[in-house]
Amino acid sequence: MFADNKFRFSLQWGNDTAEKIQAGELLERLGNKKSEFVVLAVAEYLENHPDLAQAGGKIHIEVRPAQTREQLRAMVEEMAKAALDSFMAGMRLVPADAPETQEGPTKEDLADMLANLDAFQ
């Protein structure tokens, strides 16, 4: 917006990419010199892309995610492992030669269940 013989803009962005964080931290350090820096940066960009200075010139902006696909996969695997570890911590291990208790199904119950699996195929 052009008013009072000055251009006025308000810029905001999140911290969801490394580029946005880097730009935000730099501008924070500049204090009251942000405007001059932005003008110089845009002027240099236009110098390297003169077609944009013409009316109707288009710019393509590509936003890259903060994490790569591999990093996201590693995060998911780590969370799944943590959840499994937490679940397993609540489990009670029983030696194979321990006497059976009536807390769960008997061997006969399990055999019947396995025999009936064919009904679900």
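This is a predicted model: local features need pLDDT of at least 70, side-chain atom pairs count only at pLDDT 80 or more; totals for chains, interfaces and linings use all residues.
1. R8 forms a salt bridge with D4. The closest N and O atoms of this pair are 3.4 Å apart.

2. D4, the partner of R8, is exposed, with a relative accessible area of 65%. The cut-off for exposed is over 50%, and D4 passes it at 65%.

3. How many salt bridges does the structure hold? There are 3. The pair D4 and R8 is one of them. Side chains of opposite charge can pair when their charged atoms come close.

4. D16 and K20 form another salt bridge. Here the closest N and O atoms are 3.0 Å apart. D16 is partly exposed, at 43% relative accessibility. K20 also counts as partly exposed, at 26%. Buried would need a value under 20%, so K20, at 26%, is not buried.

5. K81 and D85 meet through their side chains in a salt bridge. The N to O distance is 2.8 Å. Where do K81 and D85 lie? Both are in helix α3, which covers residues 69-89. They sit 4 residues apart, about one turn of the helix.

6. Is K81 buried or exposed? K81 is exposed, with a relative accessible area of 53%. D85, its salt-bridge partner, is partly exposed at 41% relative accessibility.

Methods:
Residues are numbered from 1 along each chain as its sequence is written. Side-chain values use heavy atoms; hydrogens and water are left out. A salt bridge is a side-chain nitrogen of Lys or Arg within 4 Å of a carboxyl oxygen of Asp or Glu. Buried means under 20% relative accessible area, exposed over 50%, partly exposed in between (1.4 Å probe, protein chains only). Helices (H or I, at least four residues) and strands (E, at least two) are DSSP runs, numbered from the N terminus.
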